[in-house]
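Keep the sequence beside the structure as you read.

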Amino acid sequence: MYIEGANLRVPERTPETNVFWDAANEESLLYAKCSDCNKPHYYPRKVCPFCFSTSINFIKASGRANIYAFSLFSKGRPPYISAWVMLEEGVAIITNIIDCESDMLKIGTPLQVVFSSVEGGQKVPVFTPRMVKKTKE
Ligand SMILES: [Zn+2]
């Protein structure tokens, strides 16, 4: 089944998540890294969920990820794919996978972030399979 779009709700903005959503509107995917325990987390929060430190840096992710787990909701209207993906920076994200043939997906499929607009214009990060570029060495 070809999956064109995502099943997204308008995200709830809070003072804590405004930076994240503003960056998404500029097509940047942010995650956070704690400078005390060095662990990354997502969504970015102002307090580290692991050690409660407030020394948090927001970092722009490369946008490259791999499928960790996914489910096809073929009876969705429209059908969609919900997935856990692992960013190459080592952070897991729950998201949607769009613009792909569902039969082609498997655990480990390389993905690239893309941004999908929801009602009101907010952009939300979703993922699509990454094509391997064939370049001459
Ligand atoms: Zn920490």
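A hairpin of six residues leads from β5 into β6 in this predicted model. β5 covers residues 64–73, and β6 covers residues 80–87. The two strands are antiparallel, and eight bridges pair them. Take leucine 72 as a landmark: its bridge partner in β6 is isoleucine 81.

Stay on β6 and look to its pairing with β7. β7 spans residues 92–97. Six bridges link β6 and β7, again in the antiparallel sense. Here tryptophan 84 sits opposite isoleucine 94 of β7. Four residues lie between the strands in the hairpin of β6 and β7. One of the residues in this hairpin, glycine 90, adopts a positive phi near 90°.

Now turn to another set of strands. β3, β2 and β4 make an open sheet of three strands. Their order is β3-β2-β4, with antiparallel pairing. Which strands stand at the edges? They are β3 (40–41) and β4 (56–60). Each has a single partner strand, so one side of each lacks a neighbour in the sheet.

Look next at how β2 meets β4. β2 comprises residues 30–34. It is joined to β4 by five bridges, and the two strands run antiparallel. Within this pairing, lysine 33 faces asparagine 57 of β4.

Cross to β7 over six bridges.

Definitions and conventions
Residues are numbered from 1 along each chain as its sequence is written. This is a predicted model: local features need pLDDT of at least 70, side-chain atom pairs count only at pLDDT 80 or more; totals for chains, interfaces and linings use all residues. Two strands pair if DSSP finds at least two bridges between them.
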